[in-house]
Amino acid sequence: MLLQGFGTFISLLYLAMTLLAVAAFLLAATAREDAYRAAGKQTKTFWLILLGVTVAVNLLIPMLFLQIAGLIASIVFMVDVRPALQQVTGGKRGGRRGGSSSDGPYGPYNGGR
């Protein structure tokens with residue numbers, strides 16, 4: 001009984017690693033190429049290849065060592081590269097987050113009124 005629960009836990013762990021890798025790959029694919037250079041990170045092609053191989057390994061080759069290496073690559077992308085890309089592009093999807101062009105860091109600038 002205990003071994004059956006452990007097998008379920010491992011299966012859920014593999015699923016979580018695969019979903020993280022797919023999410024990182026999709027986010028890497030939707031970012032602009034020039035944002036990677038502006039953020040001082042590796043190229044978009046580098047991250048797409050690395051994360052694509054991670055997804056393939058998770059789906060096709062159940063080797064724990066390779067999956068852990070891919071997990072590390074996915075985590076690095078999500079916690080280091082993605083925030084840098086968002087900072088360079090001005091937030092989510094490269095668009096403005098709302099507000100006026102006269103907004104300052106603490107709210108709208110009212111010209112000293």
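K41 sits at 26% relative accessibility, so it counts as partly exposed (buried is under 20% relative accessible area, exposed over 50%, partly exposed in between, with a 1.4 Å probe and protein chains only). This K41 forms a salt bridge with D80, with the closest N and O atoms 3.1 Å apart (a salt bridge needs a side-chain nitrogen of Lys or Arg within 4 Å of a carboxyl oxygen of Asp or Glu). K41 lies in the loop between α2 and α3 and D80 in helix α4, so the pair ties together parts that are 39 residues apart in sequence.

Keep in mind that this is a predicted model, where local features need pLDDT of at least 70, side-chain atom pairs count only at pLDDT 80 or more, and totals for chains, interfaces and linings use all residues. Residues are numbered from 1 along each chain as its sequence is written, and side-chain values use heavy atoms, with hydrogens and water left out.

**Salt bridges**
- The structure holds two salt bridges, and one of them joins the side chains of D34 and R32 at 3.1 Å, N to O.
- D34 is partly exposed, with a relative accessible area of 35%, and R32 is partly exposed at 42%.
- As background, side chains of opposite charge can pair when their charged atoms come close.

**Overall layout**
- The chain has four helices and two strands, in the order α-α-α-α-β-β along the sequence (helices are DSSP runs of H or I with at least four residues, strands are E runs with at least two, numbered from the N terminus).
- Of the 113 residues in the chain, 22% are buried.
- Take contacts between residues at least 6 apart in sequence: 59% of them join residues at least 24 apart (contact means heavy atoms within 4.5 Å).

**Confidence**
- Mean pLDDT for the chain is 85, and 79% of its residues reach 70 or more (pLDDT is the predictor's confidence in each residue, from 0 to 100).
- Confidence is highest in α3, at 96, and lowest in strand β1 (residues 103–104), at a mean of 63.

- Helix α3 (residues 44–60) has 17 residues and should span 24 Å at 1.5 Å a residue, which agrees with its end C-alpha atoms being 24 Å apart (the expected span is 1.5 Å times one less than the number of residues).
- Which residues of α3 are buried? They are K44, W47, L51, T54, V55, V57 and N58.
- G40 lies in the loop between α2 (33–38) and α3, and G40 is exposed, with a relative accessible area of 61%.

**S74 in helix α4**
- S74 belongs to helix α4 and is buried, with a relative accessible area of 1%.
- Leaving out residues up to four places away in sequence, S74 touches L20, A21, A24, L51 and T54.

**Surface**
- The chain exposes about 8000 Å², and carbon and sulfur atoms supply 67% of that (Shrake-Rupley areas with a 1.4 Å probe; for residues, only the protein chains shown count as cover).
- L59, L60, I61, M63, F65 and L66 make a nonpolar surface patch of about 660 Å².
- Two or more residues of the nonpolar patch come from each of α3 and α4 (64–89).
- Patch residues have over 30% relative accessible area and no salt bridge; like charges are joined within 9 Å, and nonpolar side chains (Val, Leu, Ile, Met, Phe, Trp, Tyr) within 5 Å.
- M63 is in the loop between α3 and α4, partly exposed with a relative accessible area of 45%.
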